[in-house]
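Subject: Structure handover

Hello,

Here is the structure for your files. My notes on it follow below.

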Amino acid sequence: MNILVIDGQGGQLGSQLIKMIVSELKNHKITAIGTNAVATSAMLKAGAHQAATGENPVIVACKKADVILGPIGIVIADSMLGEVTSKMAVAVGQADAVRILIPVNRCENLVAGVNASSTKALLEDVMNKLKSVIEA
């Protein structure tokens with residue numbers, strides 16, 4: 001299973017997620033793509049098998065992913081303070097992969113119907129969904 005984690009800004013959400021995947025799910029390739037070098041570095045340090053930064057790596061990695069994980073902003077052009085380009089959002093949206101999006105209410109994108117959950121609770125839910133996808 002090729003798991004793609006996309007994150008931006010400081011990469012903290014992505015790096016926490018990668019640490020959980022590495023500790024709970026063995027034998028799966030984890031690719032980290034940061035919208036900036038700081039995010040990429042954080043996710044690589046967290047245990048991603050390979051990593052890259054920027055628009056074209058997102059586009060290429062989405063074509064090869066079985067599952068894409070990241071904050072909901074990865075499917076919204078100009079989100080994450082402008083770090084997500086329209087081409088990136090389209091690549092994620094059109095990918096032939098399962099997308100598990102984390103409902104983060106930040107950067108002028110608010111998700112209705114989502115309770116204010118802790119990051120830990122959100123990431124645990126992501127892991128449960130990822131395990132369900134892998135088992136299916």
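Ile 3 stands opposite Val 67 in β4; helices (H or I, at least four residues) and strands (E, at least two) are DSSP runs, numbered from the N terminus. β1 and β4 run parallel and are joined by three bridges, where two strands pair if DSSP finds at least two bridges between them.

Two remarks on the source. The model is predicted, so local features need pLDDT of at least 70 and side-chain atom pairs count only at pLDDT 80 or more, while totals for chains, interfaces and linings use all residues. Residues are numbered from 1 along each chain as its sequence is written, and side-chain values use heavy atoms, with hydrogens and water left out.

Sheet

The sheet is open and has five strands in the order β3-β2-β1-β4-β5, with parallel pairing. β3 (50–53) and β5 are the edge strands, each with a single partner, so one side of each has no neighbour in the sheet. Neighbouring strands are turned against each other by 20 degrees on average, direction ignored. Axes here are lines fitted to C-alpha atoms, for helices over the stretch in contact, and angles run from 0 to 180 degrees between N-to-C directions.

On its β2 side, β1 is joined by six bridges, again in parallel, and Asp 7 stands opposite Gly 34 in β2. The chain passes from β1 through α1 to β2 in a right-handed β-α-β crossover, meaning that, with the strands pointing away from the viewer, the path from the first strand over the helix to the second runs clockwise.

In a regular strand the side chains alternate between the two faces of the sheet. In β1, Asn 2, Leu 4 and Ile 6 point one way and Ile 3, Val 5 and Asp 7 the other, all of them buried. Buried means under 20% relative accessible area, exposed over 50%, and partly exposed in between (1.4 Å probe, protein chains only). Six of the six residues of β1 are buried, so the strand is largely enclosed by the rest of the structure.

Leaving aside neighbours within four places in sequence, Leu 130 is in contact (heavy atoms within 4.5 Å) with Ile 3, Ile 21, Leu 25, Val 67, Leu 69 and Ile 100.

Helix α3

Helix α3 (residues 55–64) lies across β1, β2, β3 and β4 and runs at about 150 degrees to β1. Its residues Val 58, Ala 61 and Cys 62 are buried. Seen down the helix axis, the buried residues of α3 fall within an arc of 105 degrees, so they line one face; the arc is that of the directions from the helix axis to the C-beta atoms. Asn 56, Lys 63 and Lys 64, on the other side of α3, are exposed.

Regards
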